[in-house]
Amino acid sequence: MQIERKMKQQREAHPGWASEIAQLPGCEKLFSCIQCGTCSGTCPLSIYMDYTPRRIINLVREGFQEEALASQTIWLCASCYSCAARCPQKIQLTDVMYSLKREAIKKKLFPKRFPIPVLASEFHKMVAKRGRSSEMWLVMRMALKSNPMILLTMMGTGWQLFRTGRMSLRMEKIDRVHELPHKSVGATEVH
Ligand code: SF4
Ligand code: SF4
């Protein structure tokens, strides 16, 4: 059974992928990880993650693209930089997480119905098109494309913000929006 599992894992791995990731900004030291686990022990969110930061590094190095990119871990990372500050190998794990997020959106590999990648994608699309993000519409799009039920839990706060003039229904747009540099950050459609 263990041999079958190992063979299946080997079939699913993408051996060249780790080298591609190691070319991305902040990921250059990927292969110098000594798997000491300091990052996982330091990370305030690792208890909520499906793979600890140390395991994410290992998955990437072994070429397990789907597991790493579809993990909740990369989206739960709060960019607090604790791991990067304590890593004995000076690996910029926060930047690795950013690169993996961009890869996940580009390859459309992320946890289904998980709101954070949807929010990131919708935010980028809105800003690229209008030069501004309109909070209410951003939250609406995020909820409708991930989990519409969360709108029920937000209705009370939303109404208070609207009533006190802190949130507008208007979609803002800047002048000369076409002059914005249009960079592809992999913000493709997220469904
Ligand atoms: S702290 Fe650095 S060397 Fe240690 S497991 Fe994490 S990334 Fe690897
Ligand atoms: S930057 Fe992300 S992975 Fe690193 S300790 Fe903070 S939350 Fe955890």
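Helices here are DSSP runs of at least four residues, numbered from the N terminus. With that in hand, look at the spot just after helix 8, where Lys-108 takes a positive phi of about 55 degrees. Keep that helix in mind, since we'll come back to it.

Now for the whole picture. This is a predicted model, and its pLDDT averages 87, with 88% of the residues scoring at least 70. Residues 185–191 are another story: their pLDDT is below 50, although this stretch still has 18 contacts in the model beyond near neighbours in sequence. Where pLDDT is low, the predicted coordinates should not be read in detail.

Let's head inside. The largest nonpolar core has 27 residues, and Leu-30, Val-60, Ala-68, Leu-93 and Leu-100 are the ones with the most contacts inside it. Helix 4 (53–61), helix 5 (65–69), helix 7 (82–86) and helix 8 (93–106) each put in at least two residues. Helix 8 has the largest share of the core, with six residues. To see how the pieces meet, click on Val-60: leaving aside its neighbours within four places in sequence, it is in contact with Ala-18, Ile-21, Leu-30 and Ala-68.

Val-60 is one of the buried residues of helix 4, along with Pro-53, Arg-54, Arg-55, Ile-56, Ile-57 and Leu-59. That makes seven buried residues out of nine, so helix 4 is largely enclosed by the rest of the structure. What does the covering? Helix 2 (17–21), helix 3, helix 5, helix 6 (73–76), helix 7 and helix 8 are included in what covers those buried residues. Just after helix 4, Gly-63 takes a positive phi of about 85 degrees.

Back to helix 8, as promised. This helix has 14 residues and reaches 20 Å from its first C-alpha to its last, close to the 20 Å expected at 1.5 Å a residue. Its buried residues are Leu-93, Val-96, Met-97, Ser-99, Leu-100, Lys-101, Glu-103, Ala-104 and Ile-105. As you trace them, remember that an α-helix has 3.6 residues a turn, so residues three or four places apart point the same way.

Finally, there are the two ligands. Which residues come nearest to ligand 1? Of the 14 around it, they are Cys-33, Cys-36, Thr-38, Cys-39 and Cys-87. Helix 3 (38–42) and helix 4 are the elements that give two or more residues to this shell. By class, the shell around ligand 1 has nine nonpolar residues, four polar and one charged.

Ligand 2 is surrounded by 14 residues, the closest being Cys-43, Cys-77, Cys-80, Ser-82 and Cys-83. Here the elements giving two or more residues are helix 7 and helix 8, and helix 8 gives the most, with three. The shell around ligand 2 has ten nonpolar and four polar residues, but no charged ones.

Conventions
Residues are numbered from 1 along each chain as its sequence is written. Chains are lettered from A and ligands numbered from 1 in the order in which they are written. This is a predicted model: local features need pLDDT of at least 70, side-chain atom pairs count only at pLDDT 80 or more; totals for chains, interfaces and linings use all residues. A nonpolar core is a set of buried Ala, Val, Leu, Ile, Met, Phe, Trp, Tyr and Cys residues joined through C-beta atoms within 7 Å. A residue is buried if 20 or more other C-beta atoms lie within 10 Å of its own, exposed if 12 or fewer, and partly exposed in between; C-beta atoms are placed from the backbone. Two residues are in contact if their C-beta atoms, placed from the backbone, lie within 7 Å. pLDDT is the predictor's confidence in each residue, from 0 to 100. A residue is near a molecule or strand if its C-beta atom, placed from the backbone, lies within 6 Å of it. Ala, Val, Leu, Ile, Met, Phe, Trp, Tyr, Cys and Pro count as nonpolar, Asp, Glu, Lys and Arg as charged, and the others, Gly among them, as polar. The expected span of a helix is 1.5 Å times one less than its number of residues.
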